[in-house]
Amino acid sequence: MSARVVRMLNGEDVIADVKEVREKDDGPALAYKLTQPYTVTIQQPPEVTFETDEETNITDFTALDVEFTVYVPFSAEEHIFLPLPSVLFIYKPSDQLVEKYELLLNHGKTNNP
């Protein structure tokens, strides 16, 4: 899995397994295929602050509650295609976020008959 966060032009963050769609292997990207997309929202209580370790420059946000919402709840398929112009940028998420996302996906598999 290539879990990435896609920042949409409207400001939404969507985590998914992201692949580029091309007509030919060496051709230009035509769209992005997002498999199992979820909107990611940080539910930050007012008393939580971000603290950065000066030596490692890593921000600790373990106290933050992250909420996942199915990005396309009425889709009959587990993937969608995004046109390139709707994406602002794509980035590799922190290991903590990937762990929570994978836990969510694995929990869904164990609850389905």
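The following dialogue examines how terms are applied to this predicted model.

Tutor: Local features here need pLDDT of at least 70 and side-chain atom pairs count only at pLDDT 80 or more, while totals for chains, interfaces and linings use all residues. Residues are numbered from 1 along each chain as its sequence is written, and side-chain values use heavy atoms, with hydrogens and water left out.

Student: What makes up the secondary structure of the protein chain?

Tutor: The chain has 1 helix and 8 strands, in the order β-β-β-β-β-β-β-β-α from the N terminus. Helices (H or I, at least four residues) and strands (E, at least two) are DSSP runs, numbered from the N terminus.

Student: Why is Thr39 called buried?

Tutor: Buried means under 20% relative accessible area, exposed means over 50%, and partly exposed lies in between (1.4 Å probe, protein chains only). Thr39 has a relative accessible area of 12%, and is therefore buried. Thr39 belongs to strand E3, residues 29-43. Leaving aside neighbours within four places in sequence, the contacts of Thr39 (heavy atoms within 4.5 Å) include Glu12, Asp13, Phe68 and Tyr71.

Student: How do you know that Arg7 and Asp13 form a salt bridge?

Tutor: The term requires a side-chain nitrogen of Lys or Arg within 4 Å of a carboxyl oxygen of Asp or Glu. The N to O distance between the side chains of Arg7 and Asp13 is 2.5 Å, so the pair qualifies. Side chains of opposite charge can pair when their charged atoms come close. Asp13 is buried, at 16%, whereas Arg7 is partly exposed, at 25%.

Student: Which other residues meet in a salt bridge, and how many salt bridges does the whole structure contain?

Tutor: The side chains of Glu20 and Arg22 meet at 2.2 Å, N to O, and a search of the whole structure finds 3 salt bridges.

Student: Why is Leu88 called partly exposed?

Tutor: Its relative accessible area is 49%, so Leu88 is partly exposed. Leu88 lies in strand E8, residues 87-91. Together with Leu9, Phe89 and Tyr91, Leu88 makes a nonpolar surface patch of about 370 Å². Patch residues have over 30% relative accessible area and no salt bridge; like charges are joined within 9 Å, and nonpolar side chains (Val, Leu, Ile, Met, Phe, Trp, Tyr) within 5 Å.

Terms used. Accessible areas come from the Shrake-Rupley method with a 1.4 Å probe; for residues, only the protein chains shown count as cover.
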